[in-house]
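Please keep the viewer open while reading.

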Amino acid sequence: MDGKATTARERARIEITAEILAAARVRLSQHGPGQLSLRAVSRDVGMVSSAVYRYFRSRDDLLTALLIEAYNELGAAAEDADAAVGNRSAYLERWTATCTAIRTWAISHPGDYALLYGSPVPGYAAPQDTIPAATRVTIVLVRIVLDAHADGATVRPPPPLTPKSLGKTLAGALEFIKTLDAPPAAQDPEVALHTIAAWSAIFGTISFELFGHLVGSVSDYDAYYEQVLIRLADDLGLA
């Protein structure tokens with residue numbers, strides 16, 4: 001009986017936690033991360049604030065949970081899009097499908113996207129707990145590039161004269177690439193440079209769209225994003 005009671009309590013805790021997170025995500029989309037507080041969320045779910053503190057000890061704990069949930073959703077969207085491409089050697093198709101899924105998720109979850117890639121929340125620093133979820137989408141993008149290099153399928157013009165310091169500048173990225181069992185050809189500072197530039201361009205383009213910075217410059221966001229992806233793929237040697 002105690003086991004059943006414990007299980008029931010655990011189920012109730014999971015359900016209430018999910019309800020709190022859902023309410024917090026709605027508040028994010030309506031007011032932004034800076035206006036998030038446990039007291040406000042407790043009102044949204046019809047609970048006294050002291051009860052919400054049993055699930056999240058502070059606003060920072062709530063923000064961390066929201067970050068992990070959103071990063072995991074975005075990562076899953078990217079992973080699913082890449083996995084749906086049956087021909088694993090169709091690197092341009094994998095790249096395009098994955099990047100399109102990232103933008104689709106961002107447009108559908110603007111409040112969550114703003115939390116992940118918008119302005120930092122004053123007084124909050126994301127803990128190490130968020131890193132595994134945060135890197136899921138990055139790993140998908142990098143993996144496509146690494147697979148293409150492992151397959152000898154990349155075609156790029158010779159790079160300009162690479163400064164000797166580039167490897168030191170991108171040491172963190174090169175170490176990350178090594179953890180993904182990258183082939184020797186992909187453990188090149190030039191590959192890391194082009195991959196990071198593409199990664200930042202994808203999220204920069206999405207951010208410019210969602211935060212209104214393309215207004216007056218771009219009339220068709222779908223067409224513009226598609227062209228950005230093609231040019232990034234070409235720069236990576238995937239086209």
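## Overall build

From the N terminus on, the elements run α-α-α-α-α-α-α-α-α-α-α. That is 11 helices and zero strands. The model is predicted.

Along its principal axes, the C-alpha trace spans about 65 × 50 × 40 Å. The chain has 239 residues, and 40% of them are buried. Take the contacts between residues at least 6 apart in sequence: 72% of these join residues at least 24 apart.

Helix 7 covers residues 131-150. Its 20 residues, at 1.5 Å a residue, should span 28 Å. The end C-alpha atoms lie 26 Å apart, which agrees with that expectation.

The helix also bends. A kink of about 35° is centred on Val137. After helix 7 comes Gly152, and its phi is positive, near 70°.

Which residues of helix 7 are buried? They are Ala133, Val137, Thr138, Val140, Leu141, Val142, Ile144, Val145, Leu146, Ala148 and His149.

An α-helix has 3.6 residues a turn, so residues three or four places apart point the same way.

The buried residues pack against several helices. Helix 4 (59-83), helix 5 (91-108) and helix 6 (110-117) are partners. So are helix 9 (171-179), helix 10 (189-210) and helix 11 (221-236).

## Helix 5 against helix 6

Two of those partners, helix 5 and helix 6, also pack against each other. Their axes are 5 Å apart, at an angle of about 110°. The two helices are therefore roughly perpendicular, since that class runs from 65 to 115 degrees.

Helix 5 brings Trp105, Ala106, Ile107 and Ser108 to the contact. Helix 6 brings Pro110, Asp112, Tyr113 and Leu116. By class, the contact residues are six nonpolar, one polar and one charged.

## Helix 10 against helix 11

The axes of helix 10 and helix 11 come within 10 Å and cross at roughly 175°. That makes the pair roughly antiparallel, as angles over 145 degrees fall in that class.

On the helix 10 side, the contact uses His194, Thr195, Ala198, Ala201, Ile202, Thr205, Ile206 and Glu209. On the helix 11 side are Tyr221, Tyr224, Tyr225, Val228, Leu229, Leu232, Asp235 and Leu236. The division is 11 nonpolar, three polar and two charged.

Is Arg25 buried or exposed? Arg25 is in helix 1 (residues 2-31). Its relative accessible area is 15%, so Arg25 counts as buried, the limit being under 20%. Leaving aside neighbours within four places in sequence, Arg25 is in contact with Leu66, Glu69, Glu73, Trp105, His109 and Asp112. Of these, Trp105 and Asp112 also take part in the contact of helix 5 with helix 6.

Glu209 sits in helix 10. It is buried, with a relative accessible area of 14%. Which residues does Glu209 touch, not counting those up to four places away in sequence? They are Arg103, Ile107, Leu214 and Tyr221. Glu209 and Tyr221 both belong to the contact of helix 10 with helix 11.

How values were computed
Residues are numbered from 1 along each chain as its sequence is written. This is a predicted model: local features need pLDDT of at least 70, side-chain atom pairs count only at pLDDT 80 or more; totals for chains, interfaces and linings use all residues. Side-chain values use heavy atoms; hydrogens and water are left out. Helices (H or I, at least four residues) and strands (E, at least two) are DSSP runs, numbered from the N terminus. The expected span of a helix is 1.5 Å times one less than its number of residues. The bend at a residue is the angle between axes fitted to the seven residues ending there and the seven starting there. Buried means under 20% relative accessible area, exposed over 50%, partly exposed in between (1.4 Å probe, protein chains only). Contact means heavy atoms within 4.5 Å. Axes are lines fitted to C-alpha atoms, for helices over the stretch in contact, and angles run from 0 to 180 degrees between N-to-C directions. Angles under 35 degrees count as roughly parallel, over 145 as roughly antiparallel, 65 to 115 as roughly perpendicular and the rest as oblique. Ala, Val, Leu, Ile, Met, Phe, Trp, Tyr, Cys and Pro count as nonpolar, Asp, Glu, Lys and Arg as charged, and the others, Gly among them, as polar.
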